[in-house]
Amino acid sequence: MISKAASLLDERLDAVGATARQTLRARLAIATGVVVLIWLVFGPAFGAAWGAAYGLGEAIIRLALRPLAKGESLSRRRRALYLAAMVFNVLTWASLAVLCWSGGEQAFRLAAMAVIAGLLVHAQAFAFRSPAALAVLGVPPAVLWIVLPIFFGGFAGLDLVILLLGLTMPLAYVAASARANMRTAAALAQAEREAVNANDAKSAFLAMMSHELRTPLNGVLGMARALQGTPLDPRQQGYVETMLRSGDGLLTILNDVLDISKIEAGRMDLEVAAFDLRGLAEQAVELWAESAAAKRLSLVCEPDPELPALVLGDETRVRQIVMNLVSNALKFTESGSVRLAVRAAPGADGDGGVEIRVVDTGIGMSPAQLAGLFRPYAQAEASTARRYGGTGLGLAICRKLAHMMGGEIGVESLPGRGSTFRVWLPLPPADAILADAEEPTDLPALRVLVADDNPINQAVARALLEAAGATIETAADGAEALERLRAGVFDVVLMDVNMPNMDGVEAVGRIRAGQAGASDIPVIALTADAMAGEAARLKTLGFDALEHKPVQPASLIRAIVGVLAARAGLEVEAEAAA
């Protein structure tokens, strides 16, 4: 019995309370009018008493529902308090009906029945989400609906029977309506739960597919880059470059699908750091120069001389916007030019901002095509995907990223006259001075242990790092990696996260616990999982850095240099403290 009663004080009461908070002003306005009428008809004492009772009930309700204003759920104690306040309020309204009925005149009795009818409508319309709330708000007026006319109406005989039948019909309708509303609410709640479960399943599926696709891609791209560094004749070099472009294209599609999913799920975080926007734009043009030349298009970058040397923002996501817009322009331009312009353009409030503009002389778009341009998986027309390829995600991602940064994106276009995409982003100037730093391409004489259960991934890491000057040893799982570390001295460990027998998480935990030689050896996680928050999670587990597969040579070398420098800095601080 106790558990059944407790189950009535569940989250369904929170839904009723949320509705109550939204209708507070309307209830107060109606109650004020009622107080005035009682004051005029029955006297100031009755009006003041009824108003005070109603105000007390609303005050208790407001106190009980306070957590809902902060987006929090109600505790069981607050739900019980809310239910008690509802009882108090409905009895206050019931007393008004009784007061009106006691007036004796037909107009007063009709007013009493109108009050009771309003309470019944309120109960079935607002409290159906919770059986407890429905009972509290619906039972008292239902009793009065029958009792007042039948027992205090002065009717008898056939008149009484007809009256009873007439009064029962509205109650039956209210009860049926309340049951229908409860079934609808239950169905909606079930649909919401299924939608949440489906979204979680989709995220899990994307994480798995990310891992399964990135692992072979790591082998394809890694070995192609290693092959590119060997002596090749021009024909062979062209083959390798085609392999790399195709692999990078496949990786771009995979990243787009993951990015749109992360954005929609609210799992993408933005970083803020100083970066060179002018250099970013020029690099984008350099990267697409070969594609433009293949189509005999003019691709130029036009940075504004007044553009700040550095701006603050998420360099990775700004680069993603620029690359998507330039790629899109080149795809739909058969002749003429594509221009990328970047300039300082403060917003209406005067805050620092920049405008990125991509102008092409391509096929253009009609107003109807522009209307759905930024929808995910949408392209201008059905034949577009067949002719030009692509997933239709690039522009949707650009818009979502721009909005996440507080910016805007728009387009102007006419069929056959080209298109102009404009992106405004609130990127304020940075005070730091850019230091010229070359990307590291070589490593000192390091001994690196690569722990990965996939032989292809081992071969890729060996090819890339040996070309950079390092000595490589490999292990097939975490247990073998621990044995290698106990037997020899290494400078850094590259550890796959998902391995049989012993995975990377358990292995790094044992390393940090001192079970495999030096507990402070730098460990870089290698993973094909690209979901948001993975880097932060792995760092809390003991990893020093994270590199995603497919491995990018420059990024991997930079990560190794970075963790070694960080470890050396910690050692210097420890010596100074000693």
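Hi everyone, let's start with the sheet: five strands form an open, mixed sheet, ordered β2-β4-β5-β7-β6. Strands here are DSSP E runs of at least two residues, helices are H or I runs of at least four, and both are numbered from the N terminus; two strands pair if DSSP finds at least two bridges between them. The edges are β2 (298-303) and β6 (408-413), each pairing on one side only. On average, neighbouring strands of this sheet are turned by 10° against each other, direction ignored.

A quick word on the source: this is a predicted model, where local features need pLDDT of at least 70 and side-chain atom pairs count only at pLDDT 80 or more, while totals for chains, interfaces and linings use all residues. Residues are numbered from 1 along each chain as its sequence is written, and side-chain values use heavy atoms, leaving out hydrogens and water.

Ile409 has Val423 in β7 as its bridge partner.

Now to the helices. The axes of α4 (residues 44-64) and α6 (residues 76-101) come within 8 Å and cross at roughly 160° (axes are fitted to C-alpha atoms, for helices over the stretch in contact, with angles from 0 to 180 degrees between N-to-C directions). That makes α4 roughly antiparallel to α6, a label for angles over 145 degrees.

Who touches whom? With contact meaning heavy atoms within 4.5 Å, the α4 residues include Phe46, Trp50 and Tyr54, and those in α6 include Tyr82, Phe88 and Trp93. The contact residues divide into 16 nonpolar, four polar and two charged.

Notes. Parallel < 35°, antiparallel > 145°, perpendicular 65-115°, else oblique. Nonpolar A, V, L, I, M, F, W, Y, C, P; charged D, E, K, R; others polar.
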